[in-house]
Amino acid sequence: MKLSLATLSDAKADKPAYDPATLAIGVVHFGPGAFHRAHQAAYLDALAATDPRWGICGVSLHSTGVRDALNPQDGLYTLATLDEQIGYRVIGSIREVLVGPENPEAVFERLLGCGIVTSTVTEKGYCLHADGALDFGHADIVHDLAHPHAPKSFIGYVVEGLRRRREAGLAPFVLIPCDNLPNNGRRLKGAVVAFAARFDTGFADWIEAGLACPCTMVDSITPATDDALRTRVADAIILADAWPIQREAFTQWVIEDHVHDGGPDWASVGVTLTDNVPAYERAKLRLLNGPHSTLAYAGLHKGYETVSEAMADPELSGLVRDLMLKDVVPLLETPKGMDLPGYCEAILKRFRNPAIRHLLSQIAWDGSQKLPIRILSSLQEALARGNDISRLAVPLAAWMRFVRTKAVTGEAITDPLAGELIALGKGLADSRADVAAFLAVRAVFPESLAGNAVFVTAVEAAYERLLSAESVAAYPPLSPFLT
């Protein structure tokens with residue numbers, strides 16, 4: 001039998017402490033992918049036991065996959081927690097999934113009636129320039145300015161939803177981005193206001209004055225679902241689940257404290273409310289996401305498939321540990337109540353978790369968007385202080401090597417700059433010319449950095465070492481980067 005409301009009582013798993021059918025939809029979430037279902041939906045599932053106002057309408061902007069998998073299951077799915085102890089929990093907080101392009105009016109109807117809008121649309125889904133401003137040249141933004149009632153972008157949906165709320169005499173919803181962007185709330189609100197101003201400056205002023213858009217930080221390692229997980233979950237809960245989700249036990253959600261009269265009691269379900277999200281954000285982006293990307297590109301280069309396999313390599317695990325403790329920690333402000341060295345060791349333990357099969361190839365997606373935030377931010381600060389940057393150059397060189405390999409073998413890469421990068425990779429010849437070509441990609445490397453001789457020399461040295469190894473067996477030791 002398939003998991004559904006009718007079969008829920010038969011599931012051999014922890015079940016919702018409420019009747020999912022009775023939840024009101026109070027949250028519209030854009031991007032109901034794996035991370036949302038492992039993270040925000042799990043928090044709202046816990047909240048529903050005491051406050052049934054915050055059921056979720058998920059909105060997919062592209063794929064029908066989540067809708068097609070979850071709607072026949074009445075929105076239910078299994079969250080498998082894979083750690084030292086393994087557990088299975090049925091999540092009931094998602095009450096509806098819509099596909100935006102199929103029925104934008106249904107999405108706008110939900111935006112009129114909700115109190116909160118959240119998002120996990122990835123860094124590229126915000127259509128921003130590298131400096132954080134809205135990219136008015138982005139194809140989706142150009143489309144949405146011309147067709148505001150049938151938008152393609154997340155920004156377009158938010159602005160049209162707010163316009164309709166204003167027209168109906170309603171206050172703005174609270175907008176909570178949950179993607180790994182520095183100052184994500186500030187950037188998102190700035191983009192929404194800028195887009196609205198193209199239609200009506202008075203409308204933009206209304207948004208500026210009334211829209212709460214708190215910054216956030218989110219964390220939980222969530223590998224993609226595969227058939228092995230589906231089989232494992234079906235065997236455990238004795239029901240078929242089309243799209244279960246897996247994650248580690250650790251989960252964290254930090255939200256900037258904000259005014260929301262009648263809003264959820266976030267703290268009651270473990271959300272951290274703070275006036276200093278940037279400190280948490282920088283620590284997570286630079287100490288978890290940066291090393292994750294480092295392991296992805298360097299680990300793939302050595303022939304590994306998963307994070308735990310890469311961490312079993314003493315040189316790779318030593319590289320990321322030293323990068324964290326020696327290179328990044330000295331650059332960070334310590335959030336109140338956090339021990340940064342202890343946080344690093346906890347992250348390394350999470351990376352070693354053998355129960356989580358987190359594919360390096362998945363982490364390697366969208367490198368052109370992720371590396372400026374995860375690595376270059378630390379590297380630029382280290383340069384400004386005159387610190388050694390040889391280790392921080394390794395993930396950049398490994399990414400370049402990754403692109404070069406994909407171009408030569410004809411394999412596709414998942415990246416908004418995929419076409420440009422593959423074309424670049426096909427024409428590479430030697431380390432100095434290769435690095436120069438990559439550093440000319442302004443969407444990734446600002447001119448001020450690409451022209452810095454210390455930076456260029458460090459990247460060339462790391463790239464030369466990686467380029468010299470054409471097989472796993474010939475891979476040169478990384479020991480020079482470990483000192």
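This is a short tour of the structure, stop by stop, with something to select at each one.

**Before you click**

You're looking at a predicted model, where local features need pLDDT of at least 70 and side-chain atom pairs count only at pLDDT 80 or more, while totals for chains, interfaces and linings use all residues. Residues are numbered from 1 along each chain as its sequence is written, and side-chain values use heavy atoms, with hydrogens and water left out.

**Stop 1: the whole chain**

Show the protein chain as a cartoon and you'll find 20 helices and eleven strands. Helices (H or I, at least four residues) and strands (E, at least two) are DSSP runs, numbered from the N terminus. The chain's radius of gyration is 23 Å, close to the 23 Å that the globule rule gives for 483 residues, so the chain is as compact as a globular protein of that length. That radius is taken over C-alpha atoms, and the rule is 2.2 Å times the number of residues to the power 0.38. Along the principal axes, the C-alpha atoms fill a box of roughly 60 × 55 × 45 Å.

How much of the protein chain is buried? Buried residues make up 57% of the 483. Here buried means under 20% relative accessible area, exposed means over 50%, and partly exposed is in between (1.4 Å probe, protein chains only).

Contacts (heavy atoms within 4.5 Å) come next. Among those between residues at least 6 apart in sequence, 75% join residues at least 24 apart.

**Stop 2: the cores**

Select L287, W399 and F455. Of the 90 residues in the largest nonpolar core, these three touch the most other members. A nonpolar core is a set of buried Ala, Val, Leu, Ile, Met, Phe, Trp, Tyr and Cys residues joined through side-chain atoms within 4.5 Å. Which helix gives the most to this core? Pick out α16 (residues 390-409), which supplies eleven residues.

Apart from this core lies another one of 40 residues, among them V117, L175, L188 and F195.

Zoom back in on L287. Leaving aside neighbours within four places in sequence, L287 has contacts that include M324, V328, L340 and Y343.

**Stop 3**

Select I389 in the loop between α15 and α16. I389 is buried, at 4% relative accessibility. Beyond four places in sequence, I389 is in contact with L379, A382, L383, V454, F455 and A458; you've already met F455 as one of the core residues touching the most other members.

**Stop 4**

Go to R165 in helix α6 (residues 154-167). Is R165 buried or exposed? R165 is buried, with a relative accessible area of 7%. Once neighbours within four places in sequence are set aside, contacts of R165 include L111, C114, P172 and F173. Draw a line from R165 to E460 and you'll span 53 Å between C-alpha atoms, with 295 residues of sequence separation.

Next, find A310 in helix α11 (residues 307-311). A310 is buried too, with a relative accessible area of 0%. Not counting residues up to four places away in sequence, A310 touches L295, Y304, L316, S317 and L360.

**Stop 5: two positive phi angles**

Select I238 in the loop between α9 (227-237) and β9 (245-247). I238 has a positive phi of about 65° although it is not a glycine. I238 counts as exposed, at 51% relative accessibility.

Then jump to D366, in the loop between α14 (360-363) and α15 (367-385). Phi of D366 is near 60°, again a positive value in a residue other than glycine. D366, though, is buried, with a relative accessible area of 7%.

**Last stop: R53**

Finish at R53, in the loop between α2 (40-47) and β2 (55-60). R53 is partly exposed, with a relative accessible area of 39%. Leaving out residues up to four places away in sequence, R53 touches A24, I25, G26, G262 and G263.
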